[in-house]
Amino acid sequence: MANDTKETLRRLLSQGREMTLDEMRRHLDVSRRQVRRLLDALDEEGGGVRERWDDGTKRFSLDPEARSLQSRPIELKERELQALTVAASAAQAILHPTPFDNGLREAVQKLLATAGPTYSFEPEFQEKVWHFETGAASNIEPEVFWTVVQAASRQETLAIDYYSASSGEHSSGRKVDPLVIAEQSGSWLVAAYCHEKQRVLDFSLPAIEAADTTGTGFSRPAEFDRIDHFESRFSALKGEEMKEVVLHVNAGKAEYFERKTYHPSQLEKELESGDLEVHFKVSNLDDIAAFVRSWGPHVRVRRPESLAERIKSELAETLQAYQGME
């Protein structure tokens, strides 16, 4: 009987509820003391029971990692199951730097095990048929990641400690309203309304050193459009002024720029020599610097001069690092 009551409590808290002792007592029809014992038993079993004070009242919940959701049986066509298997592989490549990686892998394994052994395709063989580029390694703190994800889902203001790589400045307890979590070119960020700057900026997730919920809710800005926010820029971070970049592309590589748009702002101008002049408008020079370096001597920066000097300096440092090596 006690085990049944404990499992009932586990199911209640697995729904994501935050409940007081009295609320749990009424649901379970037991005493407050018995509720406390059941909570202790769940916690000892690795249930991850959390406690939070709310206006003088203690509320209890389960850590998301410990929640167990009961799903109803569904019927899938084998082609639908194959689509989910392939989609999971693609998603894992992107989610690799995040705590979602292992969870997704385990969920797909459970789905395939439940579906049974009769397939018109071999799930294990899909890895040989499909390949998706793995996202760049990142040092995102799992606790920070989950706090940001939950705050964005609940529309709750965060207080973050943040290091800005562009300015070299630290900010502590900076209040932001997380709107969208995004991955761009291997960089993970959260677009958030900054209370200090009073506008929507991008914050690099690995650069968030600490994140705490404030208990204050927020409303999403009516004028904010996530698609417009992320379009027309190389950089993963938005918040700086747009910069014009002009590249000189050798004739041998010009065809690549003529047949492919590497950025929505791209404009080409053919020169008499057969070379190409390419214009971009970007919000940050970090990503486009890497883009230029990837072309080697075939692409050179005409403007801005600061970008050209930066790339020259980086190449000189690389050359010096290799000199003297056997």
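The following questions and answers explain the terms used to describe this predicted model.

Residues are numbered from 1 along each chain as its sequence is written. Because the model is predicted, local features need pLDDT of at least 70, side-chain atom pairs count only at pLDDT 80 or more, totals for chains, interfaces and linings use all residues, and side-chain values use heavy atoms, with hydrogens and water left out.

Q: What is the average pLDDT of the protein chain, and where is confidence lowest and highest?
A: pLDDT is the predictor's confidence in each residue, from 0 to 100. The chain averages 82, and 88% of the residues score at least 70. Confidence is lowest in helix H6 (residues 126-129), at a mean of 74, and highest in strand S11 (residues 299-303), at 93. Helices (H or I, at least four residues) and strands (E, at least two) are DSSP runs, numbered from the N terminus.

Q: Why are helices H4 and H5 called roughly antiparallel?
A: Axes are lines fitted to C-alpha atoms, for helices over the stretch in contact, and angles run from 0 to 180 degrees between N-to-C directions. Angles under 35 degrees count as roughly parallel, over 145 as roughly antiparallel, 65 to 115 as roughly perpendicular and the rest as oblique. The axes of H4 (residues 78-95) and H5 (residues 100-115) cross at roughly 165° and come within 9 Å. The two helices are therefore roughly antiparallel to each other.

Q: Which residues of H4 and H5 meet, and how many of each class are there?
A: Contact means heavy atoms within 4.5 Å. Among the residues that meet are Leu81, Leu84 and Leu95 in H4, and Phe100, Leu104 and Val108 in H5. Ala, Val, Leu, Ile, Met, Phe, Trp, Tyr, Cys and Pro count as nonpolar, Asp, Glu, Lys and Arg as charged, and the others, Gly among them, as polar. On that basis the contact of H4 with H5 has eleven nonpolar, two polar and two charged residues.

Q: What makes H10 oblique to H11?
A: Helix H10 (residues 286-293) and helix H11 (residues 305-322) pack at about 60°, with their axes 11 Å apart. That angle makes H10 oblique to H11. The contact includes Ile288 and Val292 of H10, together with Leu307 and Ile311 of H11. Its classes are five nonpolar, no polar and four charged residues.

Q: Is the crossing left-handed or right-handed where H4 passes H5, and where H10 passes H11?
A: A crossing is left-handed if the near helix is turned anticlockwise from the far one by less than a right angle, and right-handed if clockwise. H4 passes H5 in a left-handed crossing, whereas H10 passes H11 in a right-handed one.

Q: How many bridges show that S1 and S2 pair?
A: Two strands pair if DSSP finds at least two bridges between them. Six bridges join S1 (residues 49-54) to S2 (residues 57-62), and the strands run antiparallel. Arg50 stands opposite Ser61 in S2. Their hairpin has two residues between the strands, and Asp55 takes a positive phi near 50° there.

Q: Why is one side of S9 and of S11 left without a neighbour in the sheet?
A: The open sheet is formed by four strands in the order S9-S10-S8-S11, with antiparallel pairing. S9 and S11 stand at the edges, each with a single partner strand, so one side of each has no neighbour in the sheet. The twist averages 30° from one strand to the next. Within this sheet, four bridges join S9 (residues 267-270) to S10 (residues 276-282). Glu268 stands opposite Val278 in S10, and Lys269 opposite Glu277.

Q: Which are the edge strands of the five-strand sheet?
A: The order of this open sheet is S6-S5-S4-S3-S7, and the pairing is antiparallel. S6 (199-204) and S7 (208-217) are the edge strands, as each pairs on one side only. The twist averages 45° from one strand to the next.
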